[in-house]
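Here is a short briefing on one model.

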Amino acid sequence: MERILDILRRDSRESTPYRQFFHYETADETETVATALMKLCDASDLRDLSGEPARPILWECSCLQKKCGACAMVIDGIPRLACDVKLADCKETIRLEPLRKFPVVADLTVDRTVMQDNLRAIRLWLTDQAAMRDKVMDAAYEASRCLQCGCCLEVCPNFYAGGSFTGMASAIPFSRLLAELPVSQRKEAAKLYTGRFYNGCGKSLACRNICPAGIDVDDLLVNSNAIAVWKRFGKP
Ligand code: SF4
Ligand code: SF4
Ligand code: FES
């Protein structure tokens, strides 16, 4: 079946964005948007829909198995992983845009450094022994599935790069830290969680259904809030 890829492009960080259209044809409808992008980029003589020469499309990928989060982009208006979206589930024209909450490097590639900065800001590391008890394993495992893709930040009305609110992408790994810290060491982590996430979160849960990893956001937040805000022990 034939598809048109409508791509929002930008040659560099400073340049003006423009749309460029590409024809893509395949007999295999189980192919993903990532596959289509790879095949287009592999073409020795890439041309746009009007037959004009085009430079290769810049985008990121690594695992192609929904495990790394690198290929996150806005597909038909929704932040998703390109390796998770089958052509069979797309319309004839597929609109691809970079994530909007991060600086664009070029085309569909964005600079997500702010996510690592936010993890550093909330001091997401253990300074002493972790208390990995059987009871915290489920929560720890669920939180560890976060890909740091940034899709949840894309739909969050309260997150912007450089702001003090660190968003769900940091609250999820932070929930693991809160669950694993011994009670005696939770005070500072609880303060950071409350100040950098809880107080700024509108609790609308717009981010709940967007997570491509399918993380149980509600459950982890309930547990973190119990530990950090309500000073209860949480699920463990
Ligand atoms: S619940 Fe709303 S404000 Fe809080 S992180 Fe999710 S989208 Fe953002
Ligand atoms: S919580 Fe989900 S959407 Fe947000 S960064 Fe992690 S994997 Fe991506
Ligand atoms: S390439 Fe790793 S999640 Fe898509």
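How many residues of domain 1 are in contact with residues of domain 2, and how many of domain 2 take part? In this predicted model, 13 residues of domain 1 are in contact with 14 of domain 2. The topics below start from that contact.

**Domains**
- Domain 1 spans residues 2-110, and domain 2 spans 113-228.
- Their C-alpha centres are 30 Å apart.
- On the side of domain 1 that touches domain 2, β3 (72-75) and β4 (78-81) each supply at least two residues.
- β4 gives the most to that side, with three residues.
- By class, that side of domain 1 has seven nonpolar, one polar and five charged residues.

**Helix α2**
- α2 runs over residues 113-121, and its Val114, Met115 and Asn118 are buried.
- These three lie on the same side of α2, because they cover an arc of only 105° around the axis.
- Thr113, Gln116 and Arg120 are exposed on the other side of α2.
- The cover over the buried residues of α2 includes α5 (168-180).

**Ligand 2**
- There are 14 residues around ligand 2; Cys146, Cys149, Cys152, Ala169 and Cys211 come nearest.
- α4 (151-155) and α5 are the elements that give two or more residues to this shell.
- α5 gives the most, with three residues.
- Eleven residues of the shell are nonpolar and three are polar, while no charged residue is present.

Methods:
Residues are numbered from 1 along each chain as its sequence is written. Chains are lettered from A and ligands numbered from 1 in the order in which they are written. This is a predicted model: local features need pLDDT of at least 70, side-chain atom pairs count only at pLDDT 80 or more; totals for chains, interfaces and linings use all residues. A residue is buried if 20 or more other C-beta atoms lie within 10 Å of its own, exposed if 12 or fewer, and partly exposed in between; C-beta atoms are placed from the backbone. Helices (H or I, at least four residues) and strands (E, at least two) are DSSP runs, numbered from the N terminus. The arc is that of the directions from the helix axis to the C-beta atoms. Two residues are in contact if their C-beta atoms, placed from the backbone, lie within 7 Å. A residue is near a molecule or strand if its C-beta atom, placed from the backbone, lies within 6 Å of it. Ala, Val, Leu, Ile, Met, Phe, Trp, Tyr, Cys and Pro count as nonpolar, Asp, Glu, Lys and Arg as charged, and the others, Gly among them, as polar. Domain bounds come from an automatic or database domain assignment.
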